[in-house]
Amino acid sequence: MVLLDGKALSAKIKEEVKFEVEQIVKDKKITPGLAVILVGDDAASATYVASKEKACKDAGIYSVVHKMPSSITEQELLETINMMNNNPKLDGILVQLPLPKHIDTTTVLESINPLKDVDGFHPYNVGRMVSNLDSFLSATPFGVMRMFEEHKIDLSGKNIVVIGSSDIVGKPMASLLINAKATVTVCNSRTKDLKSHTKNADIVIIAVGVPYLLKADMVKDGAVVIDVGINRLENGKLVGDADFEGLKEKCSHLTPVPGGVGPMTIAMLLKNTIKAANLREKREAK
Ligand SMILES: Nc1nc2c(c(=O)[nH]1)N[C@@H](CN(C=O)c1ccc(C(=O)N[C@@H](CCC(=O)O)C(=O)O)cc1)CN2
């Protein structure tokens, strides 16, 4: 079994980004800039934002983290985003999810300038991605695609099952796979007989937030399994949605948790920030 090591690959991508930043600074005389908005005091979100801040610093990207209490109104958040939309030094803007319940996530994401939308969550970018046009790609599915590319895992004509249809992972993942000419089945919590789908799959991608849901008897020999789940058990252990120990005997390729898809999310965010910095002149001309 080949371990799809996201930690090692993300380190390589971060080095690529560092080089790209140096080129931009030299050629365009600008420093790429990223704004991260963190609303509330969710501990996991705070950790992810801190990792994004550190990754930016290491790569030479200017970053600002704007922390807001969970009591803020939607209007206050929209005003902050508007200010960032109008700041030319900020090439990318992202709002860490999830947001508190009283704030409408769609309204907030739609308020970000699509040319600064480094999360790829704005409907403009989602639409362009579905149409296979150049766009910002949501970092997690983008990271999974980069893993496939790196390990020369061909997608064309493959039967791929995506378990989970979230806006952040499942839906964009399915679109990218369709564009890569795979035969894609998307399953969700109402899917009848999940195993009948996964058993036929060359590749299974799972992102549901249910520890150990995908077991060895649910996949065929030599399957590729990509585990996007991150679940913290009561004993503090971090595990995925797939039963790694059982699956490792059966799969040709498998991602670990931690150290698989998670670190790729941050590396691909940096890639998107470089893309956004390269759009600065285009934005300014508008
Ligand atoms: N605005 C966004 N919000 C959220 C996103 C996103 O892409 N944009 N994705 C997730 C959280 N996330 C990044 O924001 C993220 C999740 C996990 C990891 C990661 O490296 N995980 C490690 C384990 C970390 C730990 O110890 O908890 C791993 O899997 O090895 C990075 C980023 C939801 N919100």
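Of the 286 residues of the chain, 44% are buried. A residue is buried if 20 or more other C-beta atoms, placed from the backbone, lie within 10 Å of its own; it is exposed if 12 or fewer do, and partly exposed in between. The model is predicted: local features need pLDDT of at least 70, side-chain atom pairs count only at pLDDT 80 or more, and totals for chains, interfaces and linings use all residues. Residue numbers start from 1 along each chain as its sequence is written.

The radius of gyration is 19 Å, which agrees with the value near 19 Å for a compact globule of 286 residues. This radius is taken over C-alpha atoms, and the globule rule is 2.2 Å times the number of residues to the power 0.38. The C-alpha atoms fill a box of roughly 55 × 45 × 35 Å along the principal axes. Among contacts with a separation of 6 or more, 68% link residues 24 or more positions apart. Two residues are in contact if their C-beta atoms, placed from the backbone, lie within 7 Å.

The secondary structure comprises 11 helices and 11 strands. Helices (H or I, at least four residues) and strands (E, at least two) are DSSP runs, numbered from the N terminus. The domain assignment gives domain 1 (28-116) and domain 2 (139-261). Such bounds come from an automatic or database assignment. The two domain centres, taken over C-alpha atoms, are 28 Å apart.

The ligand has 19 residues around it, and Tyr48, Leu97, Pro258, Gly262 and Thr265 come nearest. A residue is near a molecule or strand if its C-beta atom, placed from the backbone, lies within 6 Å of it. Domain 1 and domain 2 each contribute at least three residues to this shell. At least two come from each of α2 (43-59), β4 (92-95), α6 (139-150) and α10 (261-277). α10 gives the most, with four residues. By class, the shell holds 12 nonpolar residues, six polar and one charged. Ala, Val, Leu, Ile, Met, Phe, Trp, Tyr, Cys and Pro count as nonpolar, Asp, Glu, Lys and Arg as charged, and the others, Gly among them, as polar.

An unreviewed UniProt entry annotates Gly164, Ser165, Ser166 and Ile230 as "binding site". Such annotations may be inferred rather than shown by experiment; positions follow the numbering used here, and feature names are shortened. Ser165 lies in the loop between β5 (159-163) and α7 (170-179). Ser165 is partly exposed because it has 17 C-beta neighbours inside 10 Å. Ile230 sits in the loop between β8 (224-227) and β9 (231-232). Beyond four places in sequence, Ile230 touches Leu238, Gly240, Val257 and Gly262.
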